[in-house]
Amino acid sequence: QVQLVESGGGLVQTGGSLRLSCVASGRTFGYYNIARFAMGWFRQAPGKEREFVAAMTGSGDSTDYTDSVKGRFTVSRDNAKNTMYLQMNSLTPEDTAVYFCALKYGSRSQTIVDYTYWGQGTQVTVSS
């Protein structure tokens, strides 16, 4: 089993920054190196569907971002700490949402249903 716990959300003004963290734990990592799992960040705004934000391969050698966050958000990971990060800069009210981290075995993906494990989400609110 895998548990993912996000943290780092909060209230920030337009133009501000936040860094989200996601810590992974569970017996699965006793059998499989976390570097075999791609990670993704997704978000869901009120009244909207969950959407892809960013993804990174297990080794960290490749990333992918949705167009609206390119140049502002940076995804990273520290496999030694089983931790993944989403650095968010130049935030706007359109970034307000609950942010979720997710893991999948194998290659990275933008597709929600490809991800097996999900965190509970952390709220990010950007005021104008």
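I looked up Ser90 and found this residue in the loop between S8 and S9; strands (E, at least two residues) and helices (H or I, at least four) are DSSP runs, numbered from the N terminus. The phi of Ser90 is near 50°, a positive value in a residue other than glycine. Ser90 is partly exposed, with a relative accessible area of 40%; buried means under 20%, exposed over 50%, and partly exposed in between (1.4 Å probe, protein chains only).

I note here that this is a predicted model, in which local features need pLDDT of at least 70 and side-chain atom pairs count only at pLDDT 80 or more, while totals for chains, interfaces and linings use all residues. Residues are numbered from 1 along each chain as its sequence is written, and side-chain values use heavy atoms, with hydrogens and water left out.

I then turned to Asn82, which is placed in the loop between S7 and S8. Asn82 has a positive phi of about 50° although it is not a glycine.

**Disulfide**

I searched for cysteine sulfur atoms within 2.5 Å of each other, the rule for a disulfide, and the count came to one. The bond joins Cys22 to Cys101, with 1.9 Å from S to S. Cys22 belongs to strand S3 (residues 18-25) and Cys101 to strand S9 (residues 97-105), so the pair links distant parts of the chain, 79 residues apart. The torsion about the S-S bond of Cys22 and Cys101 is about 55°, and therefore the disulfide is right-handed. Cys22 is buried at a relative accessible area of 0%, and Cys101 is buried at 1%.

**Nonpolar cores**

I looked next for nonpolar cores, which are sets of buried Ala, Val, Leu, Ile, Met, Phe, Trp, Tyr and Cys residues joined through side-chain atoms within 4.5 Å. The largest has 30 residues, of which Trp41, Leu86, Met88, Tyr99 and Leu103 touch the most other members. Strands that each supply at least two residues of this core include S3, S4, strand S5 (51-56) and strand S7 (73-78). A second, separate core of five residues includes Phe42, Ala55, Ala102 and Tyr115.

I also listed contacts (heavy atoms within 4.5 Å). Leaving aside neighbours within four places in sequence, Met88 is in contact with Gly16, Ser17, Leu18, Leu20, Arg72, Phe73, Tyr99 and Val124.

**Salt bridges**

I found that the structure holds five salt bridges, each a side-chain nitrogen of Lys or Arg within 4 Å of a carboxyl oxygen of Asp or Glu. Which residue does Arg72 meet in a salt bridge? The partner of Arg72 is Asp95, at 2.7 Å, N to O. Arg72 lies in the loop between S6 and S7 and Asp95 in the loop between S8 and S9, so the pair ties together parts that are 23 residues apart in sequence. Both Arg72 and Asp95 are buried. Salt bridges that share partners join Arg43, Glu51, Arg72 and Asp95 into one network.

I examined Asp64 and Arg108 as well, whose side chains meet in a salt bridge at 3.7 Å, N to O. Asp64 is buried, with a relative accessible area of 17%, whereas Arg108 is partly exposed at 29%.

Finally, I noted the salt bridge between the side chains of Asp67 and Lys70, at 3.0 Å, N to O. Asp67 counts as exposed, at 63% relative accessibility.
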